[in-house]
Amino acid sequence: MRWFRAADPLPDALDLTLDARRLTVRLVRNPRAKRYILRVPASGGDPVLTVPSRGTLETARAFAERQRGWLAGQLEKRADITPFANGSSVPFRGVEHVIEAADGLRGLVRVRDSESGPVLSVPGGPDHLPRRLRDWLKREARRDLETAVALHATTLGRQPSGITLRDTRSRWGSCSATGQLSFSWRLVLAPPAILDYVAAHEVAHLAEMNHGPAFWRLCRDLAPQTDEARAWLRQEGGSLHLYG
C-alpha cells in the first residue's frame with residue numbers, strides 16, 4: 001500500500017508583479033483538477049489560479065510567472081466597471097438607461113423618457129447616488145422576483161419558505177433544503193425573460209432537488225425559454241457584475 005503525505009495548505013492568494021504594479025492572484029485548490037488553470041473573471045475581481053490536489057505554492061507561483069504576458073493581455077481586454085454615477089449608462093430590465101443626478105428632487109428613483117432614451121433620475125446629492133440607486137434596484141428586483149416566484153409556485157403547487165436577495169458571483173439563484181430561495185439582485189439588470197427563467201429554475205427545485213431529467217422537464221414547463229436563457233447567462237451574465 002502506498003501512503004501519500006497530505007498537500008501543504010495554500011495561502012488565499014499570491015502577489016505577482018505585472019507591468020510595475022502588484023497584482024493579487026487568488027489560489028483555489030481543486031481535488032478534481034488535473035493541471036494548473038489561470039483565469040481572469042470577466043465580471044471583475046482578482047485573477048484565480050486553480051491548483052491540483054498535489055500542487056504546491058512554489059509550482060503555482062512559477063506557473064503564474066510564466067503566464068504574465070497572457071495575464072496582462074486578458075486584463076487589458078477586460079471591460080472596466082461602470083460606476084453608478086451621473087451620466088453613466090446601466091441596463092434596467094434589459095434596456096439601457098442613463099443615470100441622472102437630480103439634486104433638486106426628493107423621494108425615490110424615477111424612470112423617465114428623454115429625447116436620447118430612458119433615464120433613471122436619482123434624487124439627492126451625488127455622494128449618495130450609488131447607494132440610493134443600488135437600494136432602489138434591489139427593491140425593484142425583489143418585486144419582480146416575488147411576482148415571478150408566486151406565479152411559478154402557484155403553477156407547481158409548492159410554496160417557498162422565503163425569498164432573500166444577495167450579490168453573489170457564483171450563482172444567480174439557489175434553493176435550500178428548507179425551501180428558502182435566494183437570488184442575485186442583479187437579475188433586474190437582465191431582460192425580464194432571464195429573471196423569469198431563474199425564478200422558475202429555483203421554484204422547480206422545490207419539487208426536484210437535483211438537476212436530473214425530471215428537473216429540466218419541469219423547468220422547461222414553467223419557463224419555455226429555459227434553453228435560450230441559459231445560453232444568455234453563459235454569454236452575457238458576467239457583464240451584469242460590471243455595474244455599480
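Residues count as buried under 20% relative accessible area, as exposed over 50% and as partly exposed in between, with a 1.4 Å probe and protein chains only. By that rule Asp80 is exposed, because its relative accessible area is 66%.

This is a predicted model, in which local features need pLDDT of at least 70, side-chain atom pairs count only at pLDDT 80 or more, and totals for chains, interfaces and linings use all residues. Residues are numbered from 1 along each chain as its sequence is written, and side-chain values use heavy atoms, with hydrogens and water left out.

**View 1. Asp80 sits in the loop between α2 (68–77) and β5 (89–92).** Helices (H or I, at least four residues) and strands (E, at least two) are DSSP runs, numbered from the N terminus. The C-alpha atoms of Asp80 and Gly124 are 26 Å apart. Along the chain, 44 residues separate Asp80 from Gly124.

**View 2. An open sheet of four strands runs in the order β1-β2-β4-β3.** Its pairing is mixed. Two strands pair if DSSP finds at least two bridges between them. The edges are β1 (13–18) and β3; each has a single partner strand, so one side of each lacks a neighbour in the sheet. Direction ignored, neighbouring strands are turned by 30° against each other on average. Axes here are lines fitted to C-alpha atoms, for helices over the stretch in contact, and angles run from 0 to 180 degrees between N-to-C directions. Six bridges hold the antiparallel pair β1 and β2. In that pairing, Leu14 stands opposite Val25 in β2.

**View 3. Strand β4 (residues 48–51) is covered on both faces.** Val48 and Thr50 are buried on one side, Leu49 and Val51 on the other. Strand β2 (residues 21–29) pairs with β4 in the parallel sense, over four bridges. Arg29 stands opposite Val51 of β4. Strand β3 (residues 37–39) runs antiparallel to β4, joined by three bridges. There, Leu38 has Leu49 as its bridge partner.

**View 4. Helices α1 and α2 lie across strands of the β1-β2-β4-β3 sheet.** Contact means heavy atoms within 4.5 Å. Helix α1 (residues 57–66) lies across β1, β2, β3 and β4. Its angle to β1 is about 30°. Helix α2 lies across β1, β2 and β3. Its angle to β1 is about 85°.

**View 5. Another open sheet has four strands in the order β5-β6-β8-β7.** The pairing is again mixed. Strands β5 and β7 (110–114) are at the edges, each with a single partner strand, so one side of each has no neighbour in the sheet. Strands β6 and β8 (residues 117–123) run parallel and share five bridges. Val98 has Val119 in β8 as its bridge partner. Helix α3 lies across β5, β6, β7 and β8, at about 115° to β8.

**View 6. His97 lies in strand β6 (residues 95–102).** His97 counts as buried because its relative accessibility is 6%. Its side chain reaches the backbone oxygen of Val95 at 2.7 Å. A polar contact is a pair of N or O atoms within 3.5 Å; within protein, one must be able to donate a hydrogen and the other to accept it, and residues adjacent in sequence count only if both atoms are side-chain atoms. Neighbours within four places in sequence aside, the residues in contact with His97 include Ser88, Val90, Phe92, Val111 and Val119.

**View 7. Phe92 and Trp136 form an aromatic pair.** A search of the whole structure finds three such pairs. The ring centres of Phe92 and Trp136 are 5.1 Å apart and the planes stand at 45°, so the pair is tilted. The pair links distant parts of the chain, 44 residues apart: Phe92 in strand β5 and Trp136 in helix α3 (residues 129–156). Rings of Phe, Tyr and Trp (its six-membered ring) pair if their centres lie within 6.5 Å; planes under 30 degrees apart count as stacked, over 60 as edge-to-face and the rest as tilted. Phe92 is buried at 6% relative accessibility, and Trp136 is buried at 7%.

**View 8. Helix α5 (residues 213–222) has a buried side.** Phe215, Trp216, Leu218, Cys219 and Leu222 are its buried residues. They cover an arc of only 160° around the axis, which puts them on the same side of α5. The arc is that of the directions from the helix axis to the C-beta atoms. The face turned away carries the exposed residues Pro213, Arg217 and Asp221. The cover over the buried residues includes α3, α4 (192–204) and α6 (226–236).
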